[in-house]
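This report goes through selected features of one structure. The sequence and model come next.

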Amino acid sequence: MSDPASYTVGWICAVTTEYVAAQECLDKEHQRLATQDANDNNIYTLGSIGAHNVVIACLPHWNYGQVNAANVARDMLRAFPNVRFGLMVGIGGGVPTKQDLRLGDIVVSSLNYENGAVFQYNFGQTVQDKAFRATGYLDAPPLLLQTAVQELKVSYRRRSNKIDNTIKAILDRNPRLRGEYRRPDPATDRLYKSTVVHKGASHESCLEVCGEEKADLIVRTPRSEYEDNPKVHLIASADKLMKDAVIRDRLAEEKGVLCFKMEAGGLMNHFRCLVIRGICDYADSHKNEEWQGYAAMAAAVYAKDLLGIIVTTKVAAERKLGDLLSEVDDNLRAVHTLASETRHTVRELKIDIHLEKIRNWLKPPDPSRNFNNARTLHHENTGQWFLDSEAYLKWKTPYVKGAKDCNSFLWLNGIPGCGKTILSSSVVADLEQNAVL
């Protein structure tokens, strides 16, 4: 029985074609798990490549996209607690405008310091001439994988890659796969100009409905004897399905994107991995199913070569992805708790402010406020008739002269709103002017 704790590399595929290619690249296949959590919907293929034990899982049939990819990764990390890094390996649509990219080539999500490893934009599928909007960039692959990518790049440059030879060896070993996974005739690698849209239904052959008019095609010279074929390109990938050649070229120009595939966005920030894509079409309306098998096998062979140069002790030194996932869950819970406490505090504060407003509205008015307003706002000579009256002058004169036996008081009375406060303010101002107050 296979021990889940002995597997350190997680490999995820999106479709059956990719899953077959991944299994064929195992040096040795192990027994399946004898037991599995009832809530884990994955089915795992276990095996080894070199010294590495690898667990492979595929998205459920016709359940593609970021959310399903994230669910597969999460269940894998719970079932295999010692996985240190992941590989997302499969097929994708290529962007041939910035580099000499052909069908069957491989694009690896190497880190781009401006755009990250995977560029994220928000429409799941873009159809010809519809707009897109960028939303962000996803996390970079682990440094261990970035270093291995660089080392493999140097090895390929010095000695050429042997990807095509490895694929031929796999198909010699399992000839029943030749029809789907061998390299197609190069003549079927047709690159239409971005303004040429597929004229028929998606399942209809481009050769039949779009033709091979030179005015519609971009003609490219065959690769030379000393060029790798397939080539490996290290550049940013995008995380959505693309079928619009115009927007494809715009993203290539502005963001350096060289490949499109939707599942990567569901993995990169929670399942730190390297995205490896074999190019099966040109991310336009001209779908080319002939190249899917070979492209999937080419990507899987690249992943096999990459694992071949990574030392197991380096893998053991990496943090477990399950621990990182637990930290993410803990941080999310902490954020939710803080948000809940903040909402509660704000709610209480709003209630206190509301009650204070009610209290202020219900309490008696402050008489001094009316009096002070009357002093500052009344018109000139307001109440002068009273200040000149005999009664007021008779009452005020002793105070003005400083008489010691002054003990009388001035009483103003009247109904509400008749002007007592205004008149009182005039009296106070007069007494202050005469230095009585």
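How many aromatic pairs does the structure hold? It holds four, where rings of Phe, Tyr and Trp (its six-membered ring) pair if their centres lie within 6.5 Å, with planes under 30 degrees apart counted as stacked, over 60 as edge-to-face and the rest as tilted.

## Basis

This is a predicted model, in which local features need pLDDT of at least 70 and side-chain atom pairs count only at pLDDT 80 or more, while totals for chains, interfaces and linings use all residues. Residues are numbered from 1 along each chain as its sequence is written, and side-chain values use heavy atoms, with hydrogens and water left out.

## Aromatic residues

Tyr-156 and Tyr-302 form an edge-to-face pair, 6.1 Å centre to centre with 70° between the planes. Tyr-156 is in helix α3 (residues 143-159) and Tyr-302 in helix α8 (residues 292-308), so the pair ties together parts 146 residues apart in sequence. Helices are DSSP runs (H or I, at least four residues), numbered from the N terminus. Both tyrosines, Tyr-156 and Tyr-302, are buried, meaning under 20% relative accessible area, with exposed over 50% and partly exposed in between (1.4 Å probe, protein chains only).

Trp-291 and Tyr-294 also form an edge-to-face pair, at 6.1 Å and 85°, and both are buried.

## Asp-189

Asp-189 is found in the loop between α5 (178-181) and α6 (206-209). Because its relative accessibility is 17%, Asp-189 counts as buried. Beyond its neighbours within four places in sequence, Asp-189 has contacts (heavy atoms within 4.5 Å) that include Arg-220 and Trp-291.

Technical notes:
Helices (H or I, at least four residues) and strands (E, at least two) are DSSP runs, numbered from the N terminus.
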